[in-house]
Every structure is written in C-alpha cells, then in structure tokens.
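Welcome to this short tour. Open your viewer, get the selection tool ready, and follow the stops below in order.

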Amino acid sequence: MLHTLNLRLAPDDIAYIVNHAADRFLIVDDVLLPLFERFRHQTKIERVFVVPLTRADRSAEQAHSADGVGDYEDYEAFLRTAEGRFRPPEIREEDPAGMCYTSGTTGRPKGVVYSHRALVIHTLVQAMPDALNISHRDTTTPVVPMFHANGWGIPYVSTLVGAKQVFPGPHLDPESLLDLFVEERVTFTAGVPTIWLGIAQALARSPERWPLHNIRMGVGGAAVPPDLIRTLEQFGCQVMHAWGMTETSPLGSVSVPKRYMTDLSDGELHRLKATQGVAAPFVEMRLMREEGLAPWDGVTMGEVQVRGPWIAGAYHNLPASSDHFTSDGWLRTGDIGTIDEEGYLRITDRMKDLIKSGGEWISSIDLENALMGHPAVAEAAVIAIPDPKWQERPLAVVVVKPGHSVTPEELLGHLAPHFPKWYLPDHVVFVEEIPRTSTGKFMKSALRERFRGMGRP
Ligand code: AMP
C-alpha cells in the first residue's frame, strides 16, 4: 500500500504520520535523506530504499546514515533482485491501495485510505470528456505533489489512457514551469491558484516568450478568482476549475458550461467558470443547514456534504466522529456554499474562514476575488479579526504587484459597488507575501494569528 509523505511538514508531524499509518518501508530521493534523518529515530521504518539523484557515481547501497542507525539500500539494485515474472497478489477491489494525510492547518493530520475500487472508478471518471478530458493524445504535467491527494489522480488517469507524463521536479517557479510547458508541448496541467497567479504575472511581463496553444489548466485546492481565469485565457490557456479534497480522492466537481449555455456574456461565462461546478458523476452532493436541507437556489448557504464511490466514509484509525461524517453516511466537507438550479456549486468559504459579523456571514472568497480583480493587486486574503460589537470583522491582507501602488481607500472604493457596506473590510494591510500552507494555499490561520492584534477583542 502506497503512502506518499508530505515532505513540507515539520519533521515531528511527518514522524507522527509515519507512525500513525504504521509505515514500514521508505522509498526516498537521496536529497531528502537529511530531512529523514531528523525524524528517523522516532519511527519504526524497517528498510530504506534510496533513489540516487545527486550522487549517481556513489551507490546508495554503500551510504550509511548520518547517525549510524542503519544502512540504506539502493532502489535500483533492489529492483534488480526480482526474479522471474511479477505476479500481482490476489487483490479484492475493496482492499486498500494507498493513503494520503490531510494537510489541515489545525490539529493533527488525518489519514484517508483509498481502495483499489475507489481509485479505479475515480480515474475512469476523471478521463471523461466533461471531467478532465484526458486521452492518449495529451501530455500532462501535474504541478501538484503526490502527497496532495495523489497528485489529484493525474498520474493515474494519464497512465490509464497512455498520455505522456512530464513532471516538473523541484523547479516550480513560473519561468521554469512555462519553459517546460512549451518545450514539452504540455496540453494539460493542474495546480493550486497560487501557482497560476505567478504564471499569469510572468505571462503578463513577457507575453511573447511562451506560446501556449490551448493548454488546459486544472485549477483547484482553493477558489480561483474570475480575473485570473480571464488573464490566463488571454494567453491561450483554458481554465478548468475543480473542487475537491483529500477525502474525495480528490475530484468532487468541475465547472464546465453546459451545452445550452451559449448566450452567456463574457462576464457571465467567467463567473460560471469561477464556480466550483457541478458534481462529478457518481458524486452525490447536498447542502445542509441546522434546520435541514438547503434549496438549490443559488443564494441559500449551507454546509456542502458529499458521498459516493470514492468519497471517504471514515478516517484511518480514528474513531468515527459526527464532526466529519453524518449518521447517514455523508462526508461533512467543512465548506460552506450555495448550489444553483443548474447544479453549480459556489463555495463561499471554509467554515473556519467565514467571517461572522453581526449574525451575518461574510464570504472571504467573494472579497478576495473582487480584490484580485484590481489591476494593482497580485494576491489578497481576507480574514476575520475580533470585534466587540460585531463579533468579527473582515481585514484584507494584500500583496501589491511589482511596479504598482494603491491605497486602502482606492481598494475599498473598488469593492464598494459590488458589496453591501457592512461587507467591506475594516482594514486593508499591505504585506510582501502571504504565507502558504504545505500544499501552496494561503495560510489564513497564520494571518489570523499575525493580525489578531488589529481587532478589538
Ligand atoms: P485539501 O484536502 O488539502 O486539498 O483541502 C480541501 C479543501 O480545499 C476543501 O475542503 C476546500 O475548502 C478547499 N478547496 C478545494 N478546491 C477548492 C475550490 N475549487 N474552491 C474553493 N475551495 C477549494
């Protein structure tokens, strides 16, 4: 069973995950051995297979660990010890195939186990024309690590259909990625919005340098601002916005306009593409409020709950908790959203990121999307700060594009026509950069911590 480890976590957290999952064998690039050595003594890893990247001339078989705990084995040499024809063991479709841990920023990460059945059905659906539409004609480049929900399944679907696969390795800066897309004629790529924000800025700086012909960009993991979709499309990219989670393998929904939606204006089309889309086949979706099911009217918010053949029904080795799963078998996603009559989901917030002001909910995503529509704004995150009268009030944290300048008043003026007055942030602060989580999303918990003092408890 394959368990991909999140190497961007703190060594203590990785050790916790290794132990919680009862991992026995480690396959690791040699460049990561120093990280492994920092937590090795806390684990019961039995054998370590090293893939030599940096010292091809020196066999890892001979390499000893820094503290002398034990020997490493060379991965290629290990493979060569295989004799005869490989016979796969008898596997039942419900048997576990792999697992990933959630990248939660609060509390311990939780393990999600994927069965063979779940992964196969998920992979088949991903390939469908109205999902990711991946075929053997494609060259795919996931800009998402395998530990983040199996690289969003892209290596699996690419293998199934026989697409060419190109991996970016450690070079994730916009220029290297764009060079790779052009050199390898990549037709499908996917990643979190922060990756594409950087790509859009690089394209805007040198519009001629990277001819991208209709490359399809899957964007997920966090909401994609409509303006980012527009900018990327100007440079020949087709944006496909998808929603999902580690617990949903990860595909939950994809935003594709329906056949009869032909008379949408450009603005309407971008707004539609910026929704999280319609549930993938076999994924059941509902919105739940305290008083029961919410209607699909595009305005009533509720918690998004899902179930289906590749949706987790429990966490690995944790007691069943009604915080995460309902008694009738639905996954509580912790996301708040609306669904319209056409079935398009619009996530307004993560429950813990919602801003609760005077009994009303303020959607941080709506404000962020609008702020990132301002020409001087590179990135924006909106968080709640404590307030004695309203309980919480919004604060906008903004990164200004290089060579631009803008004042808080100008930004508030930009927002004002689109929101009720009480929705507008009380403060706008400018920062050099917004901290990222281990999967590249804005780390709002760190911002809340940093700017708590600006509130009035
Ligand atoms: P993770 O399991 O780390 O990928 O986190 C899953 C969470 O990311 C979801 O519950 C959402 O809060 C968020 N998320 C994923 N995709 C989107 C999206 N397209 N729009 C908004 N939020 C998203």
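Which residues does Gln-305 touch, not counting residues up to four places away in sequence? Select Gln-305 and look around: its contacts are Glu-284, Met-285, Arg-286, Met-288, Thr-326, Trp-330, Leu-331, Arg-332 and Thr-333. Keep in mind as you go that this is a predicted model.

**Stop one: around Gln-305**

Now widen the selection to residues 302–307, which make up strand β16, where Gln-305 has its place. Is Gln-305 buried or exposed? Its relative accessibility is 3%, so Gln-305 counts as buried, the cut-off for that word being under 20%.

**Stop two: the ligand**

- His-241: an N or O atom in its side chain is 2.7 Å from a nitrogen atom of the ligand.
- Thr-246: a polar atom of its side chain lies 2.7 Å from an oxygen atom of the ligand.
- Asp-335: here a polar side-chain atom and an oxygen atom of the ligand are 2.6 Å apart.

How much of the ligand's accessible area does the protein cover? On its own the ligand has 500 Å² of accessible area, and the protein covers 91% of that.

**Stop three: aromatic rings**

Finish with the aromatic side chains. The structure holds six aromatic pairs. Select Phe-36 and Phe-39 to view one of them: the pair is edge-to-face, with 5.5 Å from centre to centre and 80° between the planes.

Why are these two residues separated by about one helical turn? Show residues 33–39 as a cartoon: this is helix α2, and Phe-36 and Phe-39 are about one turn apart because they sit three residues apart in that helix.

Conventions: Residues numbered from 1 in each chain as written. Predicted model: local features only at pLDDT ≥ 70, side-chain atom pairs only at ≥ 80, totals over all residues. Heavy atoms only, no water. Helix = DSSP H or I, 4+ residues; strand = E, 2+ residues; numbered from the N terminus. Buried < 20%, exposed > 50% of the residue type's maximum accessible area, 1.4 Å probe, protein only. Contact = heavy atoms within 4.5 Å. Polar contact = N/O pair within 3.5 Å; in protein donor to acceptor, adjacent residues only side chain to side chain. Areas by Shrake-Rupley, 256 points an atom, 1.4 Å probe, with all protein chains shown as cover. Phe/Tyr/Trp six-rings, centres within 6.5 Å; stacked < 30°, edge-to-face > 60°.
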